Amino acid sequence: SNLKREMDLVRELLLRIESLQLAAGSTVVLHATKEPLAHEGDDPAIIAYHMGLLMSAGLVDPAEIQYGADTFIIRGLTWSGHDLLDSIRDPAIWRETKEGITKAGGFSFDLLKDLAKGLIKTQIEKHTGVKL
């Protein structure tokens, strides 16, 4: 496949799903072609591909198997999804994390999270003087 993982889109989709503020136990039907999943100028095929990635990586909780190539029924983010998003939410941390990943030459969700958490830790140590 010529579809590449776009880190910015991964972060963006996690933010978009989080902003739905789904109540426990509820589900939502999302379409790769429209809001809130797709925003102006997004390519639905790329959105759908990344939603598939997020679900297979265990970051998004699918309520049931999707019944269309661009339709997703989800319960929201998983614990891991929230965890990853919390570690890359801050734009400055995100920028540094992306630079680190580019230098490392590889991209996995684990690497992403570890890098971001390391940067956050460094930031906390700098601000508090407490070694973590």
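**Reading helices and a sheet in a predicted model**

Me: Which residues of H5 are buried, then?
Reply: The general idea first: an α-helix has 3.6 residues a turn, so residues three or four places apart point the same way. In H5, the buried ones are Phe109, Leu112, Lys113, Ala116, Leu119 and Glu125. They pack against H1, helix H2 (44-56), helix H3 (79-88) and helix H4 (91-104).

Me: What about aspartate 114, buried or exposed?
Reply: Aspartate 114 is also found in helix H5. Exposed means over 50% relative accessible area, so aspartate 114, at 54%, counts as exposed. While you're there, look at serine 87: it is 27 residues from aspartate 114 in sequence, but the two C-alphas are 8.7 Å apart in space.

Me: Now helix pairs. At what angle do H1 and H2 pack?
Reply: Their angle is about 80°, and the axes lie 10 Å apart. Anything from 65 to 115 degrees counts as roughly perpendicular, so that is the word for H1 and H2.

Me: Which residues make that contact?
Reply: From H1, you'll find Leu9, Val10, Leu13, Leu14, Arg16 and Ile17; from H2, Ile46, Ile47, His50, Met51 and Leu54. Sorted by class, that contact has nine nonpolar residues, one polar and one charged.

Me: On to the sheet: in what order do the strands sit?
Reply: As a rule, strands of a sheet pair through backbone hydrogen bonds, either parallel or antiparallel. Here three strands form an open sheet in the order S1-S3-S2, with antiparallel pairing. Strands S1 (28-31) and S2 (60-62) are the edges, each pairing on one side only. From one strand to the next, the twist averages 55°.

Me: Over how many bridges do S1 and S3 pair?
Reply: Four, in the antiparallel sense, with strand S3 spanning residues 71-77. To find one by eye, take valine 28: its bridge partner in S3 is isoleucine 74.

Me: Where does H1 lie relative to the sheet strands?
Reply: Helix H1 (residues 7-18) lies across S1, S2 and S3, and runs at about 75° to S3.

Terms used: Residues are numbered from 1 along each chain as its sequence is written. This is a predicted model: local features need pLDDT of at least 70, side-chain atom pairs count only at pLDDT 80 or more; totals for chains, interfaces and linings use all residues. Side-chain values use heavy atoms; hydrogens and water are left out. Two strands pair if DSSP finds at least two bridges between them. Helices (H or I, at least four residues) and strands (E, at least two) are DSSP runs, numbered from the N terminus. Axes are lines fitted to C-alpha atoms, for helices over the stretch in contact, and angles run from 0 to 180 degrees between N-to-C directions. Contact means heavy atoms within 4.5 Å. Buried means under 20% relative accessible area, exposed over 50%, partly exposed in between (1.4 Å probe, protein chains only). Angles under 35 degrees count as roughly parallel, over 145 as roughly antiparallel, 65 to 115 as roughly perpendicular and the rest as oblique. Ala, Val, Leu, Ile, Met, Phe, Trp, Tyr, Cys and Pro count as nonpolar, Asp, Glu, Lys and Arg as charged, and the others, Gly among them, as polar.
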